[in-house]
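Welcome! Have a look at the model below, then try each exercise before you read its solution.

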Amino acid sequence: MRNAVGFYWTLPVPWQGFTALPREADAAARLSTTVRYQVQLIRRHAKTNDLKLVHEEVFMELAPDRGTRHVADGLKRVVPICREHRAVLLVVDFAQVQNWRGHAPLHDACANLGLELETVYPDEIDLDGQRFEPQTHFARWRERQRDWSDGKEARLTAAVARAAALREAGLSLSKTATQLNDEGLKSATGRAWTADGVRKLLAE
């Protein structure tokens, strides 16, 4: 029986406050559909192909729309584990069903770090009592991403108007930021407002 390490990655969704995940696979899977899908698929692949999963690693990308070279940070954590156990790295290759979801930096980093990479085909599986089809799932995600991007100007206009009114009412930059966050008024990136962010917003 060969040893293997499962590597699960996903993109952040800042406008939903989804910017961090626990490193433990099952905990991350409870919060992320994409990670949950990869965990189930890779565990099934390991069982079918007589592979022993000795470790599972979760990595959240920095950019909300693409894989980046920062994936090497996550991969470096598994290098000693793969070497100790002579383990192959298992990664779901989304690019086999949709090119936009490919992760060239991940493949490059594996080569540079000397990791033996084995890609897993992104099959449809039953997930949460329903049939999960990756291409449809990520197509819907792209639509939400596009809607968010298209609404950037309107969000900023609303935030500027509300921030200016709060400041005129005597609120500090910090309290203005807190109020904007409490009211659900998002920044351009979707991240929470800070005092410095409000200051820059009103200075533009």
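**Exercise 1. Find the residue that caps the N-terminal end of helix α2, and check the helix's span.**

Step 1. The cap is S32: one of its side-chain oxygens lies 3.4 Å from the backbone nitrogen of T34. That is a polar contact, meaning N or O atoms within 3.5 Å; within protein, one must be able to donate a hydrogen and the other to accept it, and residues adjacent in sequence count only if both atoms are side-chain atoms.

A word on the ground rules: this is a predicted model, in which local features need pLDDT of at least 70 and side-chain atom pairs count only at pLDDT 80 or more, while totals for chains, interfaces and linings use all residues. Residues are numbered from 1 along each chain as its sequence is written, and side-chain values use heavy atoms, with hydrogens and water left out.

Step 2. Helix α2 covers residues 33–48, which is 16 residues. Helices (H or I, at least four residues) and strands (E, at least two) are DSSP runs, numbered from the N terminus.

Step 3. The expected span is 1.5 Å times one less than the number of residues. For α2 this gives 22 Å, and the end C-alpha atoms are 22 Å apart, so the two agree.

Step 4. Now look at what is covered. Buried residues of α2 include V35, Y37, L41, I42 and A46. Here buried means under 20% relative accessible area, exposed over 50%, and partly exposed in between (1.4 Å probe, protein chains only).

Step 5. After α2 comes D50, with a positive phi near 55 degrees.

**Exercise 2. Which strands pair with β3 through four bridges, and are the residues of β3 buried or exposed?**

Step 1. Strand β3 spans residues 87–92, and six of its six residues are buried.

Step 2. In a regular strand the side chains alternate between the two faces of the sheet. In β3, A87, L89 and V91 point one way, while V88, L90 and V92 point the other way.

Step 3. Strands pair if DSSP finds at least two bridges between them. Strand β1 (residues 2–10) runs parallel to β3 and is joined to it by four bridges. G6 has L90 as its bridge partner in β3.

Step 4. Strand β4 (residues 117–120) is also parallel to β3, again with four bridges. There L117 stands opposite L89.

**Exercise 3. How many salt bridges does the structure hold, and where is the one between D123 and R44?**

Step 1. The structure holds twelve salt bridges. A salt bridge is a side-chain nitrogen of Lys or Arg within 4 Å of a carboxyl oxygen of Asp or Glu.

Step 2. D123 and R44 form one of them, at 3.3 Å from N to O. D123 is in the loop between β4 and β5 (125–127) and R44 is in helix α2, so this pair links distant parts of the chain, 79 residues apart.

Step 3. Check accessibility: D123, at 32%, is partly exposed, and R44, at 40%, is partly exposed.

Step 4. Another salt bridge joins D196 and K200, with closest N and O atoms 3.2 Å apart. These residues are four apart in helix α8, which means that about one helical turn separates them. Finally, salt bridges that share partners join R23, E57 and R77 into one network.
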